[in-house]
Amino acid sequence: MVDAKTDRLIIGAGAVGLAIARQFAMAGDQVVLIESNTSFGMETSSRNSEVIHAGIYYPADSYKAQLCVKGAHMMYAYCAAHGVKTSQLGKLIVATDHEQEARLDTLLKAGKTNNVPDLKLIGKDQIHALEPDLRAVAAIHSPFTGVVDSHNYMAALEADAENHGAIIAYQSRFIDAEKHPDGYHVRINSQGEEIIFACQTLINAAGHGAHSVSHAISDIAADTIPPHYMAKGQYFTTTRKPPFQHLIYPVPSGGGLGIHLTLDSGGGARFGPDIRWVDQPSYDVDPADADRFHQSISTYWPALQRDDLVPAWAGLRPKIWPDGSYFQDFTFHDASIHGCEGYLALYAIDSPGLTSSLAIAEYVAEKLI
Ligand SMILES: Cc1cc2nc3c(=O)[nH]c(=O)nc-3n(C[C@H](O)[C@H](O)[C@H](O)COP(=O)(O)OP(=O)(O)OC[C@H]3O[C@@H](n4cnc5c(N)ncnc54)[C@H](O)[C@@H]3O)c2cc1C
């Protein structure tokens with residue numbers, strides 16, 4: 001027995017699910033977006049650096065390269081049109097020794113291949129002119145990089161989707177779904193009540209929940225679903241006012257971007273994320289890790305003292321490989337992989353998923369139409 005019908009049912013109201021809901025609602029489709037939490041963006045989408053990445057790091061032609069560069073342009077324009085604060089502060093990727101300096105060339109080439117605007121390599125004097133307190137022998141300057149107020153960005157997406165007729169149901173958890181000839185019958189627990197929704201297309205943007213959602217859909221063979229791993233990233237803040245105007249990143253290593261310094265859209269500073277592969281989800285920050293953070297940050301900001309660091313928060317990167325030895329791209333599974341028309345699952349939407357969210361939404365709509 002079906003209780004209600006819709007064209008598109010989307011699971012997960014993080015930045016990506018909201019952007020997808022907005023995309024379809026603006027195209028005139030009936031859209032229902034379900035989210036198990038009481039509001040949007042309470043998981044990975046509110047536990048990140050809020051950086052609008054320029055798209056430097058990713059292999060050419062990867063989804064990350066294409067959707068990040070496109071998504072960053074879209075995000076700046078969208079936020080300007082919707083009164084969401086962004087600050088295009090620019091970023092310096094700093095080499096603190098000559099071995100790292102050699103790796104900047106590779107990064108610069110990758111960024112240029114990906115069409116990242118205005119990238120350039122700068123030397124000690126130029127670095128000193130931009131950031132007198134920064135210790136570095138060379139750097140890549142990326143003026144296109146910035147930060148966004150991610151909460152207000154998601155609030156704008158939510159309002160936009162709803163203004164175009166989307167229904168967003170919080171405290172509504174996907175339980176399972178059955179494949180039918182004309183789409184899917186989806187069982188939802190909505191505030192304690194069980195509802196069956198019929199939909200033509202089902203879009204799984206459930207972040208860390210994406211794998212278990214796929215396992216609960218009839219006709220999706222378990223061996224088509226990638227494994228789920230988590231790479232935790234911790235943040236520290238500081239009691240000192242950093243003397244920097246730019247976002248400061250070390251040369252990346254081990255599946256993460258290194259312990260960087262970012263400034264939020266309100267001017268506050270935070271360090272992180274680090275990277276640690278975990279079996280159990282946890283958002284705790286280990287105060288003892290201040291030692292490691294201090295060691296890393298003091299390579300580029302020698303004036304920072306260990307006791308200046310204060311544990312802040314953590315996020316969990318969704319991954320489909322168990323460690324950082326492979327480049328892990330955004331992963332989209334449609335009927336060409338699992339054989340079920342009208343079902344699209346998004347896996348491993350880690351960084352730069354926030355930046356890419358509007359471009360991901362466009363890509364998903366193209367894939368399903
Ligand atoms: C430490 C860290 C730093 C990052 N820094 C940046 C950055 O600076 N810039 C950038 O661009 N990206 C960054 N990212 C990546 C970015 O945060 C993510 O790519 C993005 O938030 C993913 O959004 P999402 O909507 O896919 O997932 P999520 O935000 O996780 O949303 C998924 C939603 O699905 C819901 N859900 C799950 N299961 C169910 C179910 N059964 N029923 C109903 N709802 C369900 C969850 O409650 C959740 O709200 C970072 C990520 C991490 C972890």
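**Aromatic pairs and ring contacts**

Let's start with the tally: 12 aromatic pairs turn up here, and keep in mind that this is a predicted model. One of them joins Y63 and F332, with ring centres 4.8 Å apart and planes at 70°, an edge-to-face arrangement. That label follows because planes over 60 degrees apart count as edge-to-face.

Where do Y63 and F332 sit along the chain? Y63 belongs to helix α2, which covers residues 63-81, while F332 is in strand β19, residues 331-333, so the contact ties together parts that are 269 residues apart in sequence. As for accessibility, Y63 has a relative accessible area of 28%, so Y63 is partly exposed. F332 comes in at 6%, so F332 counts as buried.

Are Y76 and F144 buried or exposed? Both are buried.

Back to Y63 and F332 for a moment: together with Y363, they make up one aromatic cluster.

Rings here also have charged neighbours. R47 lies over the face of Y283, 3.7 Å from the ring centre. K91 does something along those lines with Y249: the charged end of K91 sits over that ring, at 3.8 Å from its centre.

Conventions:
Residues numbered from 1 in each chain as written. Predicted model: local features only at pLDDT ≥ 70, side-chain atom pairs only at ≥ 80, totals over all residues. Heavy atoms only, no water. Phe/Tyr/Trp six-rings, centres within 6.5 Å; stacked < 30°, edge-to-face > 60°. Helix = DSSP H or I, 4+ residues; strand = E, 2+ residues; numbered from the N terminus. Buried < 20%, exposed > 50% of the residue type's maximum accessible area, 1.4 Å probe, protein only. Lys NZ or Arg CZ within 6 Å of the ring centre and 35° of its normal.
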